[in-house]
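The following exercises concern the sequence and the three-dimensional structure shown below.

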Amino acid sequence: EYGQYRPVMGSLSIAPNTGKYFFEYRINCDNTRVGFCTDKVDLDAEMGQASECASLNMQTGAVETNGIEVKRLWRQVTPISGGLLGFMFDSQDGTGQVYFNGEFIGCLLYTSPSPRDS
């Protein structure tokens with residue numbers, strides 16, 4: 001039996017040092033976790049609890065990396081009626097920014113503190 005918040009593998013392959021990637025998708029509730037995982041992620045583990053994964057809990061704003069909460073973003077997002085969630089990942093420096101309906105809401109991944117981070 002599977003629980004909630006399980007990783008789903010997409011078809012977007014991101015190799016190191018290959019530039020910047022932007023992708024977005026629609027979500028229709030705040031009872032979700034979103035983020036990035038490597039191909040080594042345990043698909044039976046929860047997002048936020050799994051190693052090889054960085055996620056944003058849309059209900060609490062918790063940013064969790066490899067199973068550890070590293071910070072919380074100000075909860076600016078209440079996608080009860082849906083919204084467009086975007087990610088900008090820079091494979092050169094390992095940063096991952098999150099956008100909701102086109103507005104920057106914080107960094108999910110970073111190698112050093114970002115001045116734009118919430």
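**Exercise 1. State the order of the elements along the protein chain, and how many helices and strands there are.**

Step 1. From the N terminus on, the elements run β-β-β-β-β-β-β-β. Step 2. The count is accordingly zero helices and eight strands. Step 3. The terms are assigned from DSSP runs, numbered from the N terminus: a helix is H or I over at least four residues, and a strand is E over at least two. Step 4. This is a predicted model, in which local features need pLDDT of at least 70 and side-chain atom pairs count only at pLDDT 80 or more, while totals for chains, interfaces and linings use all residues. Residues are numbered from 1 along each chain as its sequence is written, and side-chain values use heavy atoms, with hydrogens and water left out.

**Exercise 2. Determine which strands form the sheet that contains β1, and which strands lie at its edges.**

Step 1. Strands of a sheet pair through backbone hydrogen bonds, either parallel or antiparallel. Step 2. Here two strands count as paired if DSSP finds at least two bridges between them. Step 3. The open sheet has four strands in the order β1-β6-β7-β8, with antiparallel pairing. Step 4. β1 (20-27) and β8 (103-109) are the edge strands, each pairing on one side only. Step 5. Neighbouring strands of this sheet are turned by 20° against each other on average, direction ignored; the angles, on a scale from 0 to 180 degrees, are taken between N-to-C directions of lines fitted to C-alpha atoms. Step 6. Within the sheet, β6 (residues 83-90) and β7 (residues 95-100) pair over six bridges in the antiparallel sense. M88 stands opposite Q97 in β7.

**Exercise 3. Describe the sheet that contains β2 in terms of strand order, edges and twist.**

Step 1. The order of this open sheet of four strands is β2-β3-β4-β5, and the pairing is antiparallel. Step 2. Its edge strands, β2 and β5, each pair on one side only. Step 3. From one strand to the next, the twist averages 20°. Step 4. β3 is joined to β4 (residues 62-65) by three bridges, and the two run antiparallel. A54 has T65 in β4 as its bridge partner.

**Exercise 4. Identify the salt bridges and state whether their residues are buried or partly exposed.**

Step 1. Side chains of opposite charge can pair when their charged atoms come close. Step 2. The rule asks for a side-chain nitrogen of Lys or Arg within 4 Å of a carboxyl oxygen of Asp or Glu, and the count comes to two salt bridges. Step 3. R33 pairs with E46, with the closest N and O atoms 3.2 Å apart. The pair links distant parts of the chain, 13 residues apart: R33 lies in β2 (residues 33-37), and E46 in the loop between β2 and β3 (53-57). Step 4. R72 forms a salt bridge with E69, where the closest N and O atoms are 2.8 Å apart. Step 5. Accessibility is classed with a 1.4 Å probe on protein chains only: buried is under 20% relative accessible area, exposed is over 50%, and partly exposed is in between. R33 is buried at 16%, whereas E46 is partly exposed at 27%. R72 is partly exposed at 47%, and E69 is partly exposed at 41%.

**Exercise 5. Locate M47, N17 and N101, and classify their accessibility.**

Step 1. M47 is placed in the loop between β2 and β3, and is buried at 6% relative accessibility. M47 and G35 are twelve residues apart in sequence, with their C-alpha atoms 8.1 Å apart in space. Step 2. N17 sits in the segment before β1 and is exposed at 54%. Its phi is near 60°, a positive value in a residue other than glycine. Step 3. N101 is found in the loop between β7 and β8 and is partly exposed at 46%. Phi of N101 is positive as well, near 50°.
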